[in-house]
Amino acid sequence: MVVATPSPLIRRGNKKKTAAFGVPTIDLSDDKSIASEMIVKACEDYGFFKVINHGVSKKVIARMEREAADFFSRPVSEKGRAGPAAPFGYGSKNIGFNGDKGDLEYILLEANTLSLSQRAKNFSNDPSTFSSVTNDYVSAVRKLSCDILELVAEGLWIEDNSIFSKLISDSHNDSCFRVNHYPPFITPNNDDNQDELNNNHWGLSPNPSKSRVGFGEHTDPQILTILRSNDVSGLQIYTHDGFWIPVPPDPNEFFVFVGDSFQALTNGRFTSVRHRVVSINSWKSRMSMMYFAAPALGAWISAPPQINNITNIYKPFKWGDFKQIVYSLRLADSRLDYFKNHTQ
């Protein structure tokens, strides 16, 4: 099923616009033909949706959250030994290599068994448990990614429904796993805390004087991002019509983002979604776990013939080449412009 979108509740000012809406919600236990159609529509309209009845066990999620929480609760000096992130490892404040900063700390790992096993000793006093738990979680969300990509192919009427998912299931895939931890944020004027929380619950824009940027606006360069967070708000997405949308957290379900590579794979039919995290009054820290589904470095990103109609918006490119461009740019920069087919 898909949750109906209510009439927008709009707030304007300082060139910023926000609106409340119902997050497109896909029930993966529905008939495949229904789920695939609804996923395609959500990807076209928002580049973003939530999935329920996703098949990832609560135990797998809870164990991963406990391992991450245990690491982040350690003294700064101890956590620092797992960094700096270059790009993998433990990082704090700095995002990427080009001066972007955020109010967070994070773990970034390669999402493959060998690398997770080798790095586990940096994040836990029980490396075998950390490695096992992380592998279980990554395996579960990778399968979820493949299931979603196969439903997309079906919804696009592509005969080979593994055309996208095999990019992720390739043993040499370049997927990665990230856990972000945002500290609690309480403004000096605590009298307004409840009002601010109420406003956020109803989807209103946070007062800029009572918020700070946890992670600046950006798109994800990979194919899909699968996100799960705790019950602390902060995530916002940017819609095609110019609104920042606060997304209510749901620790029991997953949120799915269209990435830049999927935009190219669908010849622009889907658009990668810009998003950010804004820290709002909360006594509790926000923690989110993201699986970034990416192909092998040598894989070609090119829309299949069923989507490549008359005009090919993007020239074919290798994921590894695109990744190097991503690393050379600032967080908010547009990346796919480098591969636009200007000859058409």
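A residue is called buried here when its relative accessible area is under 20%, exposed when that area is over 50%, and partly exposed in between, with a 1.4 Å probe and protein chains only. The structure is a predicted model, in which local features need pLDDT of at least 70 and side-chain atom pairs count only at pLDDT 80 or more, while totals for chains, interfaces and linings use all residues. Residues are numbered from 1 along each chain as its sequence is written, and side-chain values use heavy atoms, with hydrogens and water left out.

With a salt bridge taken as a side-chain nitrogen of Lys or Arg within 4 Å of a carboxyl oxygen of Asp or Glu, the count is 18. Helices (H or I, at least four residues) and strands (E, at least two) are DSSP runs, numbered from the N terminus. One of the salt bridges pairs Arg-269 with Glu-44, whose closest N and O atoms lie 2.5 Å apart. This pair links distant parts of the chain, 225 residues apart: Arg-269 sits in the loop between helix H8 (260-265) and strand S13 (274-280), and Glu-44 belongs to helix H1 (residues 32-45). Arg-269 is partly exposed at 41% relative accessibility, and Glu-44 is partly exposed at 28%.

Another salt bridge joins the side chains of Asp-250 and Lys-50, at 3.0 Å from N to O. Asp-250 counts as buried at 17% relative accessibility, and Lys-50 counts as buried at 15%.

Within H5 (residues 127-155), Lys-143 and Asp-147 are four residues apart, so about one helical turn separates them. Their salt bridge has its closest N and O atoms 3.0 Å apart. Lys-143 is exposed, at 52% relative accessible area, whereas Asp-147 is partly exposed, at 29%. Elsewhere, salt bridges with shared partners join Asp-70, Arg-74 and Glu-78 into one network.

The length of H5 can also be checked. The expected span of a helix is 1.5 Å times one less than its number of residues; for the 29 residues of H5 this gives 42 Å, in agreement with the 42 Å between its end C-alpha atoms. Just after H5, Trp-157 adopts a positive phi of about 60 degrees.

The largest pocket has a volume of about 890 Å³. It is lined by 49 residues, and Ile-95, Gly-96, Leu-108, Arg-178 and Phe-215 are the closest to its centre. Among the elements that give two or more residues to this lining are strand S5 (89-95), strand S6 (100-110) and helix H9 (319-328).

Of its 13 lining residues, Val-232, Ser-233, Ser-279, Ile-280 and Arg-286 lie nearest the centre. Strand S13 gives the largest share of this lining, four residues.

Technical notes
On a 1 Å grid over the protein atoms alone, a cavity is a set of points where a 1.4 Å probe fits but cannot get out, and a pocket is an open set with protein on both sides within 12 Å along at least five of seven lines; lining residues have an atom within 4 Å of a point. Grid points are joined across faces, edges and corners, and a volume is the space filled by probe spheres set on the points.
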